[in-house]
Amino acid sequence: MTFKQMFTSSVGKKLVMAFTGIFLVLFLVVHAGLNACIWAMDGGVMFNKAGHFMGSYVVPRVLEIGLFLGIFLHIIQGYMLTLENRSKRSVGYAVSYKDGSKWYSRSMAILGTILLMFFIIHWKHFWIPSRITGVEEIDLGNGFVVHNLYAVMQETFQSLWVVIFYVISCISLGYHLAHGFQSAFKTIGVHNKKYHVLISSIGYGFAIVIPLVFALMPISFYLHWVN
Amino acid sequence: MSQNKMNLKLKVWRQKNAQTTGAFVTYNVEGISDEMSFLEMLDILNEKLITEGGEPVAFDHDCREGICGMCSLYINGKPHGPWQANTTCQLHMRAFKDGETIVIEPWRANSFPIVKDLTVDRSAFDRIIQAGGYISVNTGNAVDGNSLPIEKQNADDAFAAAMCIGCGACVAACKNSSAMLFLSAKVSHLALLPQGAPERKTRVLSMVAQMDKEGFGSCTNTGACEATCPKEISIANIARLNSEYLSAGLTSE
């Protein structure tokens, strides 16, 4: 069996979703951890340094390429699988079966679409100005000049609508993770009961904590909890 | 023991064959005992239809003991009806109330084409089994049953997977029309036993390939299959199948 045959079968396509999903879960930890520097209460010095590290050094930049590949693979494969799976039942049921599964498990494509819309707007807010169109710079002393992404955040999150949109996106992320986290591990073959219980518990905790940390960022700026 | 009699309205999917489009037809049945099975209630409907010169409703059934996997029916939005861990033939009319409307649909999946009315063609499952759901044995005298030591836990898990009767409720319940619970039960059943060891790798690869060829969808772990399975096949079998597939795929030539 070739790798192509393996990863294009129905099980193989799910493996691609699972591996990219787990990679994106790891990215969320890094992203949330670095962004948490906004709460250092130092006027954004630590946060801007962290942003500078991520944007200027070779390791994060190489990982960034992997991140983009992972995100696009996850999105494209997700849509293709959704369309393919829907085509398997041409005539639907008059009464649908809802009791056997959670609504968010059945709605991964819709939740994912909200997240895709979020990514486009999020990239427009931060990634594109930082990488392409340019942002205001700040001298942190001794000629150490960095992008003032903290100021960009402060400005972006003065709009209530932006904050609401970010919070809704974080809720979508939470539900996407509530299914996706444990599902990814099942797909890569974790079937031992003790691990299943552990992974489900970690998954639900992760699905609450990470989106909550992200949602608190725009809220903190909007309500001036950070200076 | 006194019986409660009830009158019911049935909305039944009627379809002449796979080439025609079907539609719901409403029937009223009267004097149904709550001690009847669901299929006996349909028998009464069919007796009535035949007496009136109509065409009886086609539906699959065989043992009527919940063990053969022949009965199907998607009743009020759930495969095999409202009871848990139960087949349609073991569903009794006491599950319903007098005056209730019951919607009866066939299994819906393109891989299970409708033969007539509520009867679907589930031979795709047979072809998946033929692709790898077997073991190699030496010819000659039967080997003594206890000659192969099998760990108790593995024997129990294999037996639990072997409970699958291949009814197709998992496919009917799944939003993706995926046959993964069925396939995982068959693969787990043999992968857990020493008798299944010789073909362990080729089995899972061949059976997944056949499942894809039959046009079933892919699994998204929603759990609807496990919730509706009359034999309570665990979704953990799907994770085991994924593990079998991953290791077989990576180590095959």
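**Notebook: chains A and B**

I started at the interface of chain B and chain A, where I find 25 residue pairs in polar contact, both residues at pLDDT 80 or more. For a polar contact I need a pair of N or O atoms within 3.5 Å; within protein, one must be able to donate a hydrogen and the other to accept it, and residues adjacent in sequence count only if both atoms are side-chain atoms.

Ground rules: this is a predicted model, so local features need pLDDT of at least 70 and side-chain atom pairs pLDDT 80 or more, while totals for chains, interfaces and linings use all residues. Residues are numbered from 1 along each chain as its sequence is written, chains are lettered from A and ligands numbered from 1 in the order written, and side-chain values use heavy atoms, without hydrogens and water.

Next I checked which elements of chain B give two or more residues to the side touching chain A: they are β4 (78–79), β5 (101–105), α4 (169–173), α6 (200–213), α7 (224–228) and α8 (236–251). Helices (H or I, at least four residues) and strands (E, at least two) are DSSP runs, numbered from the N terminus. The largest share of that side, nine residues, is from α8(B). I sorted that side of chain B by class and got 25 nonpolar, 17 polar and seven charged residues. Here Ala, Val, Leu, Ile, Met, Phe, Trp, Tyr, Cys and Pro count as nonpolar, Asp, Glu, Lys and Arg as charged, and the others, Gly among them, as polar.

How much do chain B and chain A bury between them? I get about 3,500 Å², with 56% of it on carbon and sulfur atoms; buried area is the accessible area (1.4 Å probe) that two parts lose on being put together, summed over both. On the chain B side, B:Arg108, B:Asn221 and B:Tyr245 lose the most area to chain A, together 17% of what that side buries.

Then I looked for salt bridges (a side-chain nitrogen of Lys or Arg within 4 Å of a carboxyl oxygen of Asp or Glu). In one of them, A:Glu84 pairs with A:Lys13, with the closest N and O atoms 2.9 Å apart. A:Glu84 sits in α4 (residues 58–86) of chain A and A:Lys13 in α2 (residues 10–35) of chain A, so the pair ties together parts 71 residues apart in sequence.

Last, I read through chain A and noted nine helices and two strands, in the order α-α-α-α-α-α-β-β-α-α-α. Its C-alpha atoms fill a box of roughly 65 × 40 × 35 Å, taken along the principal axes.
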